[in-house]
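Here are my notes on the model, as numbered points. Please read them with the structure open.

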Amino acid sequence: MADMGRAQPDDDGGEVRIKAEFLYKFTAYVDWPDGALGAADAPFVIGVQGSETMFGELSQAVQGRTVQARPVQVRLVRATVADPGLHLLFLAHGETASARRGLMLVSEAAPGEPPPRASVIHFLVVGGRVRFDVLLDGAERAGLKLSSRLLSVAHKVHAAAR
Amino acid sequence: MRQPTDEDRPCPIHRRAGGAAVLLALLSAPAAAQDLSELSLEQLSNIEISSVSRRREKLAQVPASLYVISADAIRRSGARSLPEALLLAPNLQVARLNANQYAISARGFNDSVGNKLLVLIDGRTVYAPYFSGVQWDQQDVLLDDIARIEVISGPGGSVWGTNAVNGVINIIRRPAAETGSLLRVDAGTDERAAALRHGGTLPLQGHWRAYAKLQQRDATETEAGVAITDKSRRWQLGWRADWLNGDDGLTVQGDVYRGDTADRINGARNLGGVGTSGENLMARWTGRLDGGSRLRVQAYYDHVRREDAILYSPRFTVLDLEAQHSLAWGAHNIDWGGGWRSSRDHVAPGLLFGFTPERARQQWHNLFVQDELHLADGWRLTAGTKFEHNDYTGWETLPSLRLAWSPSARWQWWASLSRAVRAPARLDRDLRLPPKPPFIIAGGPDFVSEVARVVELGHRGQPSSTLSYALTLYHHDWQRLRSGQLPPNAVVQNMIAGNSWGLEAWGHWQPLPWLRWSTGYNRLQQDLAVQPGSRDPVGPSALGNDPPQQWQLRATLQPADRHELDVALRHVAALPKPAVPAYTVLDFSYGWHATPQLALTLGGRNLLHGRHAEANAAPGRSVFGPEAYAQLRWTP
């Protein structure tokens, strides 16, 4: 795999960088179900599916930082191969993945398309700013508990069906 | 392909974060330059993505020749009208006829009665049913309300209807929650305008906005310097109320306008100007049903009047109801639905033309279904058909098959096969020249639909995050195109056929954070001929006057913080018949955001070439020369 260091600088006005920072920050406001994160010193694994740029940015963003006192790993993921070791999976435009207990799915908006049903958080660009919607349905299915602080900053919170 | 929905909405203005000194400092530095790890969630939500550098279009997934004109591109180009905004689409031919009228088409057949393009504003079809074309001097919106314009060249697919033979233009305005107060003033050498917009909230988490717009244009001149009587004045106002949650909810909106051009005096006779007016009212509801499927229902009323004592004076009322249901079922994404449209019109004769009968009532019904099937390994098959019934030819079938392959998020290949139809309009069957017998042209009682069988091959690529491009090759096989006969009593027939083919290409490249290049090219070849047995004296040139190629090159720059510059070079090759020389013009627009509430723009259009014509025959046609303008936008 070619060097996936910093992608071309300023390629999109910082949009990918901002999303990468959000991805890291979200982990401080989410509780994973018991046992989902593995042993106390097992790494926290973030998967990136469909965007080499995001993989590069996220790898940079997490350097030297921890998630819930664990070291952080970032992996580039292929759509057809489900990776059971992931705790958070970022889906670029048009990517989908199936829901799984203990897996936090974060997707991003393609114009005119609804968020994948299994998403927990969905990025959108609103007024030139990166915002995110929270889908409580997805969180419930994955067994994740979201802090009310996260919900209060969200652009929209989609209530769980019924 | 789904009906596109409104794009993501900006922060409603009443929720915009206040400007604390710290935040201001953060907001003014481009995101890419900051250390984001120090910011809180709220602060991260407030950083403005630097708009020049923002990757303009995500690689679109639609298996069609789609170009999206963003709101930002419209604003930066200094466009003052819908046709000026449409100049940004490389897959459209836009030819200005006079101060107020344009001929706009895609893939050929462009003239003032061009009928092969479907144009919608917020889902309301704006072509006039009596000739199946668009009167561009009657279509206007507050440009600052536009979220985006989607321009599809070629048959759009089963979701769109008849008349979408050469393309679909879908003008989408933002919801009321996204637009705030605005005062806009345009002052220029050739036209002036002022517009006001205001909005607020409604009970039950709704939002409303209302706008008013006033516009005045000077008369144009001929090559010899003789003034043409197209000086005009127009006002329009409109409103919108939304109760939306995400993309779903209820929208109700309407517009009203009236316009007039200078009186045309012929000796002692005053033939008046061209008076245009109209009102429309629309309601649309989109929602998710149990099970996750989506339903959209829409109804609108549109009443349009045009008074032209020289040509003819139509007025019509359209009522339209439609519904669309979208559901996912395994690997299938299915869209299906139908609609009903009714029109009642009265076409009063002018000096030159009349319609017989003067009044008519017509109805159209349609049913469509489309399935987008995700196959393995990035293959996607979209198959669909529309059945449309019109009073002249009964049921028409418009099948469409599209195959797309995306080996990765960066590349896509697509191919399509479609049958598209342009159903007869009153103009084809009922036109009489002159209004009373003996006739030179006597309509076409047996005129049937024009048919195109279309093959397209397209490719999109995004080799790096700073470079993207799209290419489309197309071939249209035309049957039963409109033809005439030798006068007197010439009857309109369907005896021209042939092929047209061509290439549409565009690309965007951002080599530096503050500089983005956009380029577009299109090439068209036509091989049409009158069929044996026809006595058509004019031939295929009566169907449209099209340049064999066009290109445009645009540079979008951010020379300094809060300054923007847009420079565009456009070339249109010579038009064959009537002969119009080729032209290359330069437009530029320089904007300065003096304060977060005040933006000033200075621009010039039609520079470099001197005066040029874009359509019609000399010596009576308008020519357009260099003009300058200034714009002020105040958003409190």
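1. Strand pairing first. Two strands count as paired if DSSP finds at least two bridges between them. On that basis strand E11 (residues 232-245) of chain B and strand E12 (residues 248-261) of chain B pair in the antiparallel sense, over 14 bridges. Within this pairing, B:Ala241 stands opposite B:Val252 in E12(B).

2. E11(B) has another partner to check. Strand E10 (residues 206-217) of chain B pairs with E11(B) over 11 bridges, again in the antiparallel sense. Here B:Leu214 has B:Trp235 of E11(B) as its bridge partner.

3. A caution on confidence. This is a predicted model. Its scores are ipTM 0.84 and pTM 0.76. For chain B the average pLDDT is 87, and 91% of the residues score at least 70.

4. Two stretches of chain B need care. Residues 1-33 of chain B have a pLDDT below 50, yet the model gives this stretch 74 contacts beyond near neighbours in sequence. Residues 50-59 of chain B are also below 50, with 35 contacts beyond near neighbours in sequence.

5. Overall form of chain B. Chain B has 5 helices and 33 strands. Its C-alpha atoms fill a box of roughly 85 × 60 × 50 Å along the principal axes. Why does a radius of gyration of 24 Å agree with a compact globule? Because a compact globule of 636 residues would have a radius of gyration near 26 Å, and the value for chain B agrees with that. Buried residues make up 47% of the 636 in chain B. Of the contacts in chain B between residues at least 6 apart in sequence, 61% join residues at least 24 apart.

6. In soluble globular proteins, nonpolar side chains tend to be buried together. The largest nonpolar core here has 69 residues; among the members that touch the most others are B:Ile69, B:Ala85, B:Ile104 and B:Val151. Strand E6 (residues 146-153) of chain B supplies the largest share of this core, 5 residues. A second, separate core has 53 residues, including A:Val48, A:Met54, A:Leu58 and A:Met104.

Note on methods: Residues numbered from 1 in each chain as written. Chains lettered and ligands numbered in written order. Predicted model: local features only at pLDDT ≥ 70, side-chain atom pairs only at ≥ 80, totals over all residues. Helix = DSSP H or I, 4+ residues; strand = E, 2+ residues; numbered from the N terminus. Core = buried A, V, L, I, M, F, W, Y, C linked by C-beta atoms within 7 Å. Buried ≥ 20, exposed ≤ 12 C-beta atoms within 10 Å, placed from the backbone. pLDDT = per-residue confidence, 0-100. Contact = placed C-beta atoms within 7 Å. Rg over C-alpha atoms; globule rule 2.2 N^0.38 Å.
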